[in-house]
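Me: I would like to learn how to read a few features in a structure. Can we start with charged pairs?

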Amino acid sequence: MTRPADFWNTVYDNDTAPWVIGEPQPAIVALEREGGITGRVLDPGCGAGEHTILLTRLGYDVRGIDMSPSAVAYARANAAEQGVPSAAFEVADALALGDRPEFAGDPPGSAPAFDTVVDSALFHVFGTEDEPRAAYVRSLHAICKPGGTVHVLALSDVEPGFGPRISDTLIRESFHDGWTVEDVRPARYRGRVTDPVAQDAAHLEVSASGHVDLAAWLARIRRR
């Protein structure tokens, strides 16, 4: 479900985000090791910045964006604490990246800037809201180079859990005109149990570190 920036600011200011786990998602770490990330990279909905920090440390040209100023402040502080102050973050609306000439060219889509997009737990936020989800897909098309790749790690509805869980069909149906969905496979998404999700997570097995591994999808989508 889409929410205003103030909602997300509160989540970061109060440290109640169940997706802030103090490390990158294992599925994204494995994706990079398998060679799935190339060229210039966009990390939309970067949150705490773990993936931008990881990829910057590994030598990628990567930009993390989030609509929440508190998230971006959190990510910058996190990067400095981890010794990666060069990690680049900025406040931006993921639904309107085509309006940014430095990302999409002028007119929008004339000079897309990114070879790879790593979407970790942003796409599923739109759930079944057709209009914002379609706007996000158009936004990605405007900034992703032809032949470039969008990787989507999203919570899956195949198991009980917490958060906005979606079907693999929704992913496939959302990326149609101008895209080729090359793969959608089961994966796991690591979270933590915080007060806002405690009730929904009561049945889940929590590790000694306080983490839970939830059913997810990992999709690979090619921009035509």
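Reply: Side chains of opposite charge can pair when their charged atoms come close. In this predicted model, Lys-145 and Asp-115 make a salt bridge, with their closest N and O atoms 3.5 Å apart. The pair joins distant parts of the chain, since Lys-145 is in strand E5 and Asp-115 is in strand E4, 30 residues apart.

Me: How exposed are Lys-145 and Asp-115?

Reply: Lys-145 is partly exposed, with a relative accessible area of 30%. Asp-115 counts as partly exposed too, at 22% relative accessibility.

Me: How many salt bridges does the count come to?

Reply: The count comes to 14 salt bridges. One of them pairs the side chains of Arg-192 and Asp-15, at 2.8 Å from N to O. Arg-192 belongs to strand E6 and Asp-15 to the loop between H1 and helix H2 (26-33), so 177 residues separate them.

Me: Is Arg-192 buried or exposed?

Reply: Arg-192 is buried because its relative accessible area, 18%, falls under the 20% limit.

Me: Which residue forms a salt bridge with Glu-34?

Reply: Arg-185 does, and the closest N and O atoms of the two are 3.6 Å apart. Glu-34 sits in the loop between H2 and strand E1 (40-44) and Arg-185 in strand E6, so the bridge ties together parts 151 residues apart in sequence. Glu-34 is exposed, with a relative accessible area of 57%, while Arg-185 is partly exposed at 33%.

Me: Which residues are linked in a network of salt bridges?

Reply: Arg-63, Glu-90, Arg-100 and Glu-102 are linked in such a network.

Me: Now a single residue. Where is Thr-52 placed, and what does Thr-52 touch?

Reply: Read the element, then the accessibility, then the contacts. Thr-52 is in helix H3 (residues 50-57). Thr-52 counts as buried because its relative accessibility is 0%. Leaving out residues up to four places away in sequence, Thr-52 touches Asp-43, Cys-46, Val-62, Arg-63, Gly-64, Ala-87, Ala-88 and Phe-89. Arg-63 is also a member of the salt-bridge network.

Me: Next, the nonpolar cores. Which residues touch the most other members of the largest one?

Reply: For a core, look at its membership, then at the elements that supply it. The largest nonpolar core has 31 residues, and Ile-143, Ile-171 and Phe-175 touch the most other members. At least two residues each come from helix H5 (101-104), strand E4 (114-120), helix H6 (130-143), strand E5 (144-155), helix H7 (168-174), strand E6 (179-192) and strand E7 (211-223). H6 gives the most, with 5 residues.

Me: What does Ile-171 touch?

Reply: Not counting residues up to four places away in sequence, Ile-171 touches Phe-123, Ile-166, Val-184, Trp-217, Ala-219 and Ile-221.

Me: Last, helix packing. At what angle do the axes of H1 and H4 cross?

Reply: Take the axes, then the residues in contact. Helix H1 (residues 5-13) and helix H4 (residues 69-81) have axes that come within 7 Å and cross at roughly 35°. On the H1 side, Asn-9, Tyr-12 and Asp-13 meet Pro-69, Ser-70, Ala-71 and Tyr-74 of H4. The residues of this contact divide into 4 nonpolar, 2 polar and 1 charged.

Notes. Residues numbered from 1 in each chain as written. Predicted model: local features only at pLDDT ≥ 70, side-chain atom pairs only at ≥ 80, totals over all residues. Heavy atoms only, no water. Axes fitted to C-alpha atoms, helices over the stretch in contact; angles between N-to-C directions. Helix = DSSP H or I, 4+ residues; strand = E, 2+ residues; numbered from the N terminus. Contact = heavy atoms within 4.5 Å. Nonpolar A, V, L, I, M, F, W, Y, C, P; charged D, E, K, R; others polar. Core = buried A, V, L, I, M, F, W, Y, C linked by side-chain atoms within 4.5 Å. Buried < 20%, exposed > 50% of the residue type's maximum accessible area, 1.4 Å probe, protein only. Salt bridge = Lys/Arg side-chain N within 4 Å of Asp/Glu carboxyl O.
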